Amino acid sequence: METVPKPGSRVPPKKDKLQGKKKKPRRYWEEETTPTAAEASPGPPRKRKRNRELRPQKPKNTHSTKKSRISKKPQVPKKPRERRSPGPQRSLSGAQDPFAGPAPVPVEVVQKFCRIDKSKKLPRSETKIRSRLEAAEAQEEEISVKAARSELLLAEEPGFLEGEDGEDTAKICQADIVEAVDIASAAKHFDLNLRQFGPYRLNYSRTGRHLAFGGRRGHVASLDWVTKKLMCEINVMEAVRDIRFLHSEALLAVAQNRWLHIYDNQGIELHCIRRCDRITRLEFLPFHFLLATASETGFLTYLDVSVGKIVAALNARAGRLDVMTQNPYNAVIQLGHSNGTVSLWSPAMKEPLAKILCHRGGVRAVAVDSTGTHMATSGLDHQLKIFDLRGTFQPLSARTLPQGAGHLAFSQRGLLAAGTGDVVNIWAGQGKASPPSLEQPYLTHRLSGHVHGLQFCPFEDVLGVGHGGGITSMLVPGAAEPNFDGLESNPYRSRKQRQEWEVKALLEKVPAELICLDPRALAEVDVISLEQEKKERLERLGYDPDTKPPFQPKPKQKGRSSTASLVKRKRKVMDEEHRDKVRQSLGQQPQKQEKAKPAGARPSALDRFVR
């Protein structure tokens with residue numbers, strides 16, 4: 001209903017509320033068209049206020065009969081908020097980050113963690129398989145960059161013993177080292193006087209926390225050598241030739257005079273494997289759960305401790321086997337023989353993978369570093385040699401020792417320890433994955449008896465020596481890896497963590513058939529075996545089932561299946577296949593190098609036909 005204005009007034013007639021058009025709500029991404037005072041007010045307006053704003057406002061000179069409830073103060077319209085363009089992030093102080101984005105990673109550090117050989121080109125395969133290979137390469141590159149970036153978080157660094165100007169570090173005694181280090185490190189040097197049951201063989205657990213040793217006269221013991229807490233101590237009343245921890249410190253394998261026995265951490269006998277008799281040396285493969293045994297009869301036996309079955313029993317045909325070690329890189333067992341050769345064995349092969357002629361006399365000791373790159377051997381000819389295991393098997397360096405080394409051991413950082421009589425000599429190199437230098441010994445220590453066993457403690461700068469007088473723990477600065485992986489080998493894990501790790505390790509167990517010289521070759525295709533299998537199948541069936549059958553057009557209706565139409569369709573398909581073959585042949589041909597034209601030569605009209 002319209003109201004009649006007073007005469008003389010310029011106020012337009014009021015409209016009904018229903019006739020007012022409602023304004024469409026503005027989204028946050030839309031720009032404001034008319035920045036009025038009502039639209040610039042923050043927050044959603046009330047319904048009553050919105051209806052009031054839709055009415056036309058009276059001018060100031062209008063006289064109203066009713067009293068206005070609105071204050072007479074002038075309303076200053078608020079300015080609309082301006083949207084800021086997304087720029088560089090600034091801190092509270094207003095300073096801009098000068099190094100925006102992720103920190104760059106050196107290429108050399110990334111190459112250290114990269115496991116893909118980019119020199120080999122991807123094979124010509126289907127699009128789906130090729131896309132999977134490219135995705136795997138991209139994922140490997142991303143993982144290597146992450147590993148290189150997280151290397152900055154490894155705060156611990158390995159250290160070495162450095163003498164003064166002109167001082168020989170080999171003349172520094174263990175007592176001097178103990179006085180110079182802190183109390184916790186000095187407690188790691190100790191001597192166990194056990195002359196009654198010696199000589200001793202020893203073994204450290206994978207975490208480096210527990211030590212097991214066994215004497216020739218039947219004494220077997222296991223202890224936490226850091227806290228000096230004795231776990232078990234028994235006398236088996238039989239000669240102990242070797243001793244090894246299994247996948248955890250809760251199980252212990254002892255090679256006694258006649259059979260192989262398995263004990264727990266309380267000294268209780270759990271198993272007696274009579275098929276493994278007259279054992280001289282033991283080696284445990286942690287990722288395969290295999291216990292390798294070498295016997296006097298010349299047999300190499302693999303025992304799967306997860307199921308309790310013998311996987312393989314190989315006859316080396318080389319007489320008594322008393323020199324054995326494993327390659328931590330590929331889990332290949334290496335045996336030393338009396339004819340001066342070292343043979344490499346896998347449970348999947350009945351013959352050795354390779355044979356290396358190392359010495360003119362019999363081999364006395366063999367050791368392989370943690371990277372699987374170098375092998376150290378000593379023989380009856382008093383020679384100590386370092387070999388390269390990366391396919392060449394050639395000696396890198398050699399040294400003649402006065403008495404010859406009877407025992408060898410590599411540390412995690414590449415230090416080499418050799419036991420010659422009652423003296424232990426240690427040689428150091430340039431670092432991890434580099435061969436040790438045999439020119440000058442790094443450390444020398446004399447014992448109270450002849451050396452019978454050597455092993456470096458994982459993640460500790462300690463060398464355990466078993467000899468005729470007992471056990472000696474030596475301090476060797478720079479021998480161990482300072483940073484450990486808590487998910488793989490955690491020295492501080494609890495009992496519950498050990499149980500969970502054991503379940504995970506069993507689920508990720510590697511089959512024994514995958515042990516080979518080059519583990520990277522497992523992802524490649526055996527082309528020779530594939531062609532031989534295809535040839536045998538062709539001879540057995542009489543035809544090749546992989547060949548593509550000839551094209552047969554489908555019949556059509558309404559007279560389109562005439563003889564001429566079928567022949568035309570067949571010819572069209574044959575021509576298309578011929579074009580594909582021509583394209584492939586042209587793609588495989590080497591591209592011709594264009595001849596360099598002399599400078600200033602004018603273009604010719606025939607250049608358009610040159611490919």
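The model is predicted, so local features need pLDDT of at least 70 and side-chain atom pairs count only at pLDDT 80 or more, while totals for chains, interfaces and linings use all residues. Residues are numbered from 1 along each chain as its sequence is written, and side-chain values use heavy atoms, with hydrogens and water left out.

Let us begin with the charged pairs. The structure holds 20 salt bridges, a salt bridge being a side-chain nitrogen of Lys or Arg within 4 Å of a carboxyl oxygen of Asp or Glu. One of them joins Glu142 and Lys146, with the closest N and O atoms 3.6 Å apart. These two residues are four apart in helix H3 (residues 127–150), and are therefore separated by about one helical turn. Helices here are DSSP runs of H or I with at least four residues, strands are runs of E with at least two, and both are numbered from the N terminus. Glu142 is partly exposed at 46% relative accessible area, whereas Lys146 is exposed at 54%. For these words, buried means under 20% relative accessible area, exposed means over 50%, and partly exposed lies in between (1.4 Å probe, protein chains only).

Glu296 and Arg320 form one, with the closest N and O atoms 3.1 Å apart. Glu296 sits in the loop between strands S11 (290–295) and S12 (299–304), and Arg320 in the loop between S13 (309–315) and S14, so the pair ties together parts that are 24 residues apart in sequence. Glu296 is buried at 17% relative accessible area, and Arg320 is partly exposed at 45%. Both belong to a network of salt bridges that also links Arg241, Arg278 and Asp322.

Now for some polar contacts, pairs of N or O atoms within 3.5 Å; within protein, one atom must be able to donate a hydrogen and the other to accept it, and residues adjacent in sequence count only if both atoms are side-chain atoms. Thr280, in strand S10 (residues 279–285), is buried at 2% relative accessibility. A polar atom of the Thr280 side chain lies 2.4 Å from the backbone oxygen of Leu321. Arg493, in the loop between strand S28 (470–475) and helix H6 (495–507), is also buried, at 17%. A polar contact of 3.4 Å joins the side chains of Arg493 and Glu249.

The backbone deserves a look too. A cis peptide bond, with omega about 0 degrees, joins Gly198 and Pro199; Pro199 is in the loop between strands S1 (190–193) and S2 (200–204). Met237 is not a glycine, yet has a positive phi of about 60 degrees. Met237 belongs to the loop between strands S5 (229–235) and S6 (240–245) and is exposed at 72% relative accessibility. Ala331, likewise not a glycine, has a positive phi of about 60 degrees, but Ala331 is buried at 7% relative accessibility.
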